[in-house]
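Reader: Can you walk me through a structure? I'd like to talk about backbone angles and charged pairs.
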Amino acid sequence: MQTTTQQSGLQPVTVVPVPGNGAEDVLVAEDGTVYTGTDDGSVFAVSADGDTVRRVVRTGGRPLGLEWLPDGRLLVCDAHAGLLAVDVASGTVETLVTEVDGERMVFCNNAAVHDDGTIWFTDSSRVHPIERWKADMVEDTRTGRLLRRDPDGRVEVVLDGLRFANGVALAPDRSCVYVAETTGRTVVRHRVGGGRDHLVVDLPGYPDNIATGTDGLVWVTIASPTDPVVERLITSPLRLRQLAWRLPEALQPAPKRNTRVMAFDADGRVVHDRPLDAAAYHVVTGVREHHGRVWLGSLVEPAVAWFDLID
């Protein structure tokens, strides 16, 4: 059952439960069906009205980023199993990528797909898997990568040394690819065929998934506001950083309760900045603008959520 919550001065958010925790990303089909993956390995399809939820597949891993492939299949970035192509009608799974240059991916995270079938995707860390995402942030391993899978199946490292490579989005004209660096609190722009440059974007926290909406804007989630403790740890000696994430869970730095998404134009200018009610839905890691409705996913919530753009 959908529920709508609102705090004074904040725009309402409608929460749609799914039968699994951590509905991390969201993808909207043309008919309004919303797809999301949860931490039990399931990918669910939620009807546009939120009344019906069906399991599409169990990947056996941890599905994160979702995109459409040109042949109509669902691309799943599975943190454990790599890049997967899923037939949403039959649930048939094809594995596309598990290794890069003979090395198994540790943390496949998010992707964007070109019309010609080229897949741009991230491997967040070459050191820590998803279960130790805090460790990669605190240690600031700088081992994240932006990768490209060509239609013929060849895989190439496009950008290396990223600070927790996360969300990926393609510009509407396909001239560049955007990738979020969570630890760096920035978005990197890679000009196709021309190298990378940092967008001049003052992010007020740690970005997660990003996506180009039907409005042509790059939407960015702010999973947590900037944490002074994390920022101090990042500049501390490595040994101290390694000890910090080995502390009991209750003593480790944790995302602050926050629900916020932003949208930028191609040059990094802020078009939307939407702080939302975090009482019922927080740690927003997925965002998808679809004809004026903005869908949200969360690393921790057993639900997706949405709000309508109101000017």
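Author: What follows covers backbone angles and then salt bridges in this predicted model.

Reader: What about phi of Val 283?
Author: Phi of Val 283 is near 50°, again positive and not in a glycine. Val 283 lies in the loop between strand E24 (270-275) and strand E25 (284-290).

Reader: Is Val 283 buried or exposed?
Author: Val 283 is buried, because its relative accessibility is 6% and buried means under 20%.

Reader: Switching to charges. How many salt bridges does the structure hold?
Author: There are 19 salt bridges. One of them joins the side chains of Arg 148 and Asp 150 at 2.8 Å, N to O. Arg 148 and Asp 150 are both buried.

Reader: Which parts of the chain does the pair of Arg 185 and Glu 231 link?
Author: The side chains of Arg 185 and Glu 231 meet in a salt bridge at 3.5 Å, N to O. The pair links distant parts of the chain, 46 residues apart: Arg 185 is in the loop between E18 and strand E19 (186-191), and Glu 231 is in helix H2 (residues 228-234).

Reader: Which residues do salt bridges that share partners join into one network?
Author: Asp 25, Glu 67 and Arg 288.

Conventions. Residues numbered from 1 in each chain as written. Predicted model: local features only at pLDDT ≥ 70, side-chain atom pairs only at ≥ 80, totals over all residues. Heavy atoms only, no water. Helix = DSSP H or I, 4+ residues; strand = E, 2+ residues; numbered from the N terminus. Buried < 20%, exposed > 50% of the residue type's maximum accessible area, 1.4 Å probe, protein only. Salt bridge = Lys/Arg side-chain N within 4 Å of Asp/Glu carboxyl O.
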